[in-house]
Amino acid sequence: MTFYARLSGYWTYRTHDHLDAAIQRLTRGGWLDDDEQWLLNGHPRQVRASSTIDHERNLLAIPPGIYQNLARITTEFFAGATDGLVVISSSDNCFDAWVETPLPDAADVPAGEGGDVSSIRCIDLERVALSNGLGITRPSDPDHEQWQRDVLDAFHDRYDPDVHGILDSPHVPPTESRGSRGRKSRYGR
């Protein structure tokens, strides 16, 4: 079954091998092409974004967007991570949001292997709705789907890292570039 989720994030890896393992997994899964361009729904001729990989810094960033099935495997990409943040939400037969970060020992996990590598913090979307003045709607309300989109927009505005700022600022460690409060972001399929 296909699962669509909104994602944004980045990982900084301890070694080139860890970065290469992540790139290979993303390529096999149809999210990246051989030129390291992000693909739209795995379609080889529909590029979502140019490469967001900095090989010199072992940095891989996920440009903001809706991705098919990527949210199911983000934990795999924390093996070897010395820093990172992935922000995920979905209203695809659910209404959930979470933030994933590397555990301190994640950097020691060999490239391509699993283990205890990340911490996932679930976010209460009703709390996000209330704190942003959006109130609460019921699934039977006619504007419920729009309300969900508005709540997810507020969640991502609050938690998404500034991916492009991280990529454009080689002298600023990614942890200092986290957060995009107040920045409006829209995600398209």
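Which residue in β6 is the bridge partner of Thr 12? The partner is Asp 83.

This is a predicted model: local features need pLDDT of at least 70, side-chain atom pairs count only at pLDDT 80 or more, and totals for chains, interfaces and linings use all residues. Residues are numbered from 1 along each chain as its sequence is written, and side-chain values use heavy atoms, with hydrogens and water left out.

**Fold**

The protein has four helices and eight strands. Helices (H or I, at least four residues) and strands (E, at least two) are DSSP runs, numbered from the N terminus. Along the sequence the pattern reads β-α-β-β-β-β-β-β-β-α-α-α.

Six strands form an open sheet with antiparallel pairing, in the order β4-β5-β1-β6-β7-β8. At its edges are β4 (53–54) and β8 (118–122), each pairing on one side only. Two strands pair if DSSP finds at least two bridges between them. Strands β1 and β6 pair in the antiparallel sense over eight bridges. Strands of a sheet pair through backbone hydrogen bonds, either parallel or antiparallel.

| Strand | Residues |
|---|---|
| β1 | 4–13 |
| β5 | 59–68 |
| β6 | 81–90 |
| β8 | 118–122 |

**Packing**

Of the 189 residues in the protein, 47% are buried (under 20% relative accessible area, 1.4 Å probe, protein chains only). Strand β5 holds Tyr 67. Tyr 67 counts as buried because its relative accessible area is 1%. Tyr 67 and Trp 31 lie 36 residues apart in sequence, and their C-alpha atoms are 8.2 Å apart in space.

Contact means heavy atoms within 4.5 Å. Among contacts with a separation of 6 or more, 66% join residues 24 or more positions apart. The accessible surface comes to about 9,800 Å², with 45% belonging to carbon and sulfur atoms. Such areas come from the Shrake-Rupley method with a 1.4 Å probe.

**Second largest pocket**

This pocket has a volume of about 200 Å³. A pocket is an open set of points on a 1 Å grid where a 1.4 Å probe fits, with protein on both sides within 12 Å along at least five of seven lines; lining residues have an atom within 4 Å of a point.

The lining has 16 residues. Nearest the centre lie Ala 21, Glu 76, Ala 79, Gly 112 and Glu 113. Helix α1 (residues 16–28) gives the most to the lining, with six residues. By class, the lining has six nonpolar, six polar and four charged residues. Asp, Glu, Lys and Arg count as charged; Ala is among the nonpolar residues and Gly among the polar ones.

Terms used
Buried < 20%, exposed > 50% of the residue type's maximum accessible area, 1.4 Å probe, protein only. Points joined across faces, edges and corners; volume = space filled by probe spheres on them.
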